[in-house]
Amino acid sequence: MNTTNALIASTDWSPLALSLKVAAVATVLALIAGVALGWVFARKKFFGASVLEAVFMLPLVLPPTVIGYAILVAAGRRSPLGAWLREHLDYTIIFSWHGAVVASAVVALPLVLKSASAAFSGVDRSLEAAASTLRQSPLSVFLRVTLPLAWPGILAGTLLAFARAMGEFGASLMVAGSIPKQTQTLSMAIYDAVQAGHDDLALLLVVVTSLLSITVLVLSSRFFSLR
Amino acid sequence: MRPFRLLSLVLALALPLAAAAQQITVSAAASLTDAFKEIGPRFEAAKAGATVRFNFAASGVLLQQIGQGAPVDVFASADQETMTRGVDQKLIDADTRRDFAANVLVLIAPAHGGPELRSLADLGRPEVRRIALGKIETVPVGRYTKQSLEAANLWTPLQPKFVQADSVRQVLDYVARGEVEAGFVYRTDAAIMGGKVKVALTAGGHTPVTYPVAVVSESRQKALAKEFAEYLQSPAAQDVLARYGFAKP
């Protein structure tokens with residue numbers, strides 16, 4: 001027990017704080033994009049909608065290395081976007097925690113999108129129609145009728161997205177690297193600890209990560225059952 | 001006809017078993033990747049029936065795998081420290097240990113648009129944002145880099161710029177892609193990406209870069225493993241190593 005306490009005391013907890021920060025920001029981004037896209041795919045019928053939806057769902061099934069490579073190609077130094085950002089704004093997401101946020105948001109988006117789309121589809125359209133007859137603007141209908149009705153489903157998906165973002169490893173490692181105290185998240189700290197043979201540290205971090213994830217998943221299932 | 005078919009089926013199924021009996025797995029430092037991929041077929045040609053499989057990664061990671069019971073027969077490390085750790089942990093047959101190559105630590109920058117670096121101190125300039133080096137704990141080139149920068153009193157001041165990579169080849173990749181302004185690799189790695197990276201200078205102040213090879217204690221193919229380790233000293237293997245820029249130990 002004493003050795004465990006000593007280990008806990010000597011452990012650098014910055015990866016935990018960073019993981020929470022990265023996952024939180026990534027989840028907010030995924031939430032905004034996911035709700036908007038989910039509404040579009042639930043309500044608007046247009047040519048190629050299902051193909052486009054499949055494209056946004058891809059990060060759920062693609063290997064993280066593909067996501068990481070895609071982000072490097074799209075935003076790396078040699079890409080037009082990366083070169084422009086570097087030249088004009090002196091900014092790059094590579095090797096910064098922002099890179100980990102982008103990677104996590106991309107892999108978390110499908111989870112919000114799918115639950116939001118399902119939640120919007122489940123909203124009774126006659127309630128929206130009734131609100132419209134009461135001289136509510138479309139935005140007001142969305143904010144005062146549609147969104148409150150769809151909210152539990154969206155929130156459940158958002159918690160899942162947060163858990164997924166916490167677990168992101170491969171793409172983040174490729175884009176942000178594993179820089180101690182800067183971009184080293186929990187999952188990367190575990191990887192480094194295993195590689196270096198610090199099995200007790202790895203085990204401690206694994207326990208912390210698992211407890212956090214279980215908490216989030218239990219919360220998520222509560223919200224799913226609320227619907 | 002029937003019994004023949006059955007027999008040939010049995011033989012076909014048994015063939016991989018026979019081959020596996022003559023197969024060794026060589027865990028080698030990432031910097032040896034290209035040279036060993038060429039030495040492997042030559043060894044197989046010289047030794048009929050033998051098959052060599054390679055497993056390339058940072059030396060520290062390879063030793064860690066061996067310690068966890070990975071079925072490895074030969075270990076080739078990019079530094080003496082990792083090999084000595086293996087000997088101390090009784091994972092390696094100390095009697096079979098031999099140095100077979102040497103290398104040089106160099107500072108590289110992207111060939112196009114990279115900064116002009118004339119000395120290690122130039123790494124402190126503001127246009128050098130990020131410096132890639134191997135992870136200190138598991139990647140030998142990272143430890144050589146640390147020694148070199150410590151000798152120049154630059155290790156501590158440069159620390160905020162460091163990006164630690166999983167192997168020397170990842171450092172090379174970061175520099176070749178231009179995502180970092182500088183990185184420390186071996187001369188042989190820089191030569192492979194000649195068009196994308198340029199060598200700024202040779203870094204001194206570290207223990208000599210020498211490569212030891214040894215047979216793994218738990219190997220089930222010790223005879224063949226020993227033959228491969230010895231083959232690395234042969235003129236044929238040394239020729240290949242020299243062509244990739246390795247020096248004699």
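**View 1. The open sheet of chain B.** In this predicted model, five strands of chain B form an open sheet in the order 7-6-8-5-9 with mixed pairing; strands are DSSP runs of E of at least two residues, and helices runs of H or I of at least four, numbered from the N terminus, and two strands pair if DSSP finds at least two bridges between them. Strand 7 (162-165) and strand 9 (197-202) of chain B each have a single partner strand and stand at the edges, so one side of each is left without a neighbour in the sheet. Neighbouring strands are turned by 35 degrees against each other on average, direction ignored.

**View 2. Strands 5 and 8 of chain B.** Strand 5 (residues 105-110) and strand 8 (residues 182-186) of chain B pair in the antiparallel sense over four bridges, and B:Val106 stands opposite B:Val185 in strand 8 of chain B.

**View 3. The largest nonpolar core.** This core has 130 residues, and those with the most contacts inside it are A:Val175, B:Val74 and B:Val171; a nonpolar core is a set of buried Ala, Val, Leu, Ile, Met, Phe, Trp, Tyr and Cys residues joined through C-beta atoms within 7 Å, where buried requires 20 or more other C-beta atoms within 10 Å of the residue's own, with C-beta atoms placed from the backbone. Its largest share, 15 residues, comes from helix 6 (residues 97-121) of chain A.

Residues are numbered from 1 along each chain as its sequence is written, and chains are lettered from A in the order in which they are written. Local features need pLDDT of at least 70, side-chain atom pairs count only at pLDDT 80 or more, and totals for chains, interfaces and linings use all residues.

Note on methods: Axes are lines fitted to C-alpha atoms, for helices over the stretch in contact, and angles run from 0 to 180 degrees between N-to-C directions. A residue is buried if 20 or more other C-beta atoms lie within 10 Å of its own, exposed if 12 or fewer, and partly exposed in between; C-beta atoms are placed from the backbone.
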